[in-house]
Amino acid sequence: MVESDELSWEAKEVLQKIKSFNRLPGSGIPLIQLNMRVGSAKTVKKGIPELKSVGLIADTASGEPTLTDKGSKTPV
């Protein structure tokens, strides 16, 4: 399992905010809402690819980020 100390601060921030929506894995989060919650689209754009590469988030069919089962169990 990926430890949160292995992630950049941007990825940690994005993961924490995605988790704060309290949605089940597979439920998408509109990027505009995520950007507003994080407060920086630049941070979101940097954090999302990193989180995807380690399998903590994925895209829904509509292209929205969503937690994976692994991501929902990873502490932030």
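1. Four helices and two strands make up the secondary structure of this protein. Keep in mind as you read that this is a predicted model. Going along the sequence, the elements come in the order α-α-α-β-β-α.

2. Along the principal axes, the C-alpha atoms fill a box of roughly 25 × 25 × 20 Å. Among contacts with a separation of 6 or more, 58% join residues 24 or more positions apart.

3. A word on surface and interior. Buried residues come to 36% of the 76. The protein exposes about 4,400 Å², and carbon and sulfur atoms supply 52% of that.

4. In soluble globular proteins, nonpolar side chains tend to be buried together. Here the largest nonpolar core has 15 residues, and Val14, Ile18, Leu34 and Leu51 are those with the most contacts inside it. At least two core residues come from each of α1 (9-20), α2 (31-38) and α3 (41-53). The largest share, four residues, is supplied by α1.

5. Which residues does Leu34 touch, once its neighbours within four places in sequence are left aside? The list runs Val14, Lys17, Ile18, Phe21, Ile29, Val44, Ile48 and Pro65. Two of those partners, Val14 and Ile18, are also among the residues with the most contacts inside the core.

6. Next, α3. This helix has 13 residues and spans 19 Å from its first C-alpha to its last, close to the 18 Å expected at 1.5 Å a residue. Its buried residues are Thr43, Val44, Gly47, Ile48 and Leu51. The cover over them includes α1, α2, β1 (57-59) and β2 (65-67). Just after α3 comes Gly55, with a positive phi of about 80°.

7. The Thr43 side chain makes a polar contact with the side chain of Ser40, at 3.1 Å. Setting aside neighbours within four places in sequence, Thr43 is in contact with Trp9, Glu10, Glu13, Val14 and Val38.

8. Apart from neighbours within four places in sequence, Glu10 is in contact with Thr43, Lys46 and Gly47. Two of these, Thr43 and Gly47, are themselves on the list of buried α3 residues.

9. Finally, a backbone detail to check. Most residues other than glycine have a negative phi. Asn22, though, has a positive phi of about 55° although it is not a glycine. Where does Asn22 lie? Asn22 is in the loop between α1 and α2. With a relative accessible area of 69%, Asn22 is exposed, because the cut-off for that label is over 50%.

Note on methods:
Residues numbered from 1 in each chain as written. Predicted model: local features only at pLDDT ≥ 70, side-chain atom pairs only at ≥ 80, totals over all residues. Heavy atoms only, no water. Core = buried A, V, L, I, M, F, W, Y, C linked by side-chain atoms within 4.5 Å. Buried < 20%, exposed > 50% of the residue type's maximum accessible area, 1.4 Å probe, protein only. Contact = heavy atoms within 4.5 Å. Expected span 1.5 Å × (residues − 1). Areas by Shrake-Rupley, 256 points an atom, 1.4 Å probe, with all protein chains shown as cover. Polar contact = N/O pair within 3.5 Å; in protein donor to acceptor, adjacent residues only side chain to side chain.
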